[in-house]
Amino acid sequence: QVQLVESGGGSVQPGGSVRLSCAVSERIFSIWALAWYRQAPGKERVLVASITNGGITHYADSVKGRFTISRDDVQRTIYLQMNSLKPEDTAVYYCNAVGGFLTWGQGTQVTVSS
């Protein structure tokens, strides 16, 4: 079973930055397009950013220009660099394959507040 372990969340002031990491336990890391999702309180989980195994990226309009997704195939890890954070970015952030068909990890909380 593939395991996804997210880390790097925390509390930050508006305008601040946070870098999230997601370690993937299996070698399928190099095969699948991977993504970051987020779920705000009372809302559905939504895709924030994705990256293919060839490095092609896609971003939700709400984060375009502020977030950057990247991957390290050797470390089997994907990252989400989050800059210019806004209170509406507050959510639990998860990683998964595009389509969300892997077992979800516990996620990592990001809170943006002054």
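Two strands pair if DSSP finds at least two bridges between them. The legends below apply that rule to a predicted model.

**View 1. Four strands form an open sheet.** The strand order is E1-E3-E8-E7. Pairing in this sheet is antiparallel. Strand E1 (4-7) and strand E7 (67-72) are the edge strands, and each pairs on one side only. From one strand to the next, the twist averages 15°. Strands of a sheet pair through backbone hydrogen bonds, either parallel or antiparallel.

**View 2. Strand E7 meets strand E8.** Strand E8 covers residues 77-82. Six bridges join E7 and E8 in the antiparallel sense. One partner to look for is Ile 78 in E8, the bridge partner of Arg 71. The loop between E7 and E8 holds Arg 76. Its phi is near 50°, a positive value in a residue other than glycine. Most residues other than glycine have a negative phi. Arg 76 has 31% relative accessibility, so Arg 76 counts as partly exposed.

**View 3. Strand E10 pairs with E9 and with E2.** Strand E9 (residues 91-97) pairs with E10 in the antiparallel sense, over three bridges. Ala 91 has Val 110 in E10 as its bridge partner. Strand E2 (residues 10-12) pairs with E10 in the parallel sense, also over three bridges. Here Ser 11 stands opposite Thr 111 in E10.

**View 4. Side chains alternate along strand E10.** The strand runs over residues 108-112. Thr 108, Val 110 and Val 112 point to one face and are buried.

**View 5. Leu 20 sits in the largest nonpolar core.** This core has 28 residues. Leu 20, Trp 36, Phe 67, Leu 80, Met 82 and Tyr 93 touch the most other members. The elements that give two or more residues to the core are strand E3 (18-24), strand E4 (34-39), strand E5 (46-51), E7, E8, E9 and E10. Neighbours within four places in sequence are left aside for the contacts of Leu 20. Among those contacts are Trp 36, Leu 80, Met 82 and Tyr 93. Leu 20 is also in contact with Ser 7, Gly 8 and Gly 9. Further contacts of Leu 20 include Ile 78, Tyr 79, Thr 108 and Val 110. In soluble globular proteins, nonpolar side chains tend to be buried together.

**View 6. A disulfide joins Cys 22 and Cys 95.** A search of the whole structure finds one disulfide. The sulfur atoms of Cys 22 and Cys 95 are 1.7 Å apart. The pair links distant parts of the chain, with Cys 22 in strand E3 and Cys 95 in strand E9, 73 residues apart. Both Cys 22 and Cys 95 are buried. The torsion about their S-S bond is about 50°, so the disulfide is right-handed. A disulfide is a covalent bond between the sulfur atoms of two cysteines.

**View 7. Asn 96 is a buried residue of strand E9.** The strand assignment places Asn 96 in E9. Its relative accessible area is 0%, so Asn 96 is buried. The side chain of Asn 96 reaches the backbone oxygen of Leu 102 at 3.0 Å. Leaving aside neighbours within four places in sequence, Asn 96 is in contact with residues including Leu 4, Leu 34, Ala 35 and Tyr 37. Other contacts of Asn 96 include Phe 101, Thr 103 and Trp 104.

View 8. Arg 66 lies in the loop between strand E6 (57-59) and E7. Arg 66 counts as buried because its relative accessibility is 11%, and buried means under 20%. A polar contact of 2.7 Å joins the side chains of Arg 66 and Asp 89. A polar atom of the Arg 66 side chain also lies 2.9 Å from the backbone oxygen of Ser 84. Not counting residues up to four places away in sequence, Arg 66 touches residues including Gln 81, Met 82, Asn 83, Leu 85 and Lys 86.

**View 9. Ser 84 has a positive phi.** The residue is found in the loop between E8 and E9. Ser 84 is not a glycine, yet its phi is about 50°. Its relative accessible area is 41%, so Ser 84 is partly exposed.

Note on methods:
Residues numbered from 1 in each chain as written. Predicted model: local features only at pLDDT ≥ 70, side-chain atom pairs only at ≥ 80, totals over all residues. Heavy atoms only, no water. Axes fitted to C-alpha atoms, helices over the stretch in contact; angles between N-to-C directions. Buried < 20%, exposed > 50% of the residue type's maximum accessible area, 1.4 Å probe, protein only. Core = buried A, V, L, I, M, F, W, Y, C linked by side-chain atoms within 4.5 Å. Contact = heavy atoms within 4.5 Å. Polar contact = N/O pair within 3.5 Å; in protein donor to acceptor, adjacent residues only side chain to side chain. Disulfide = S-S within 2.5 Å.
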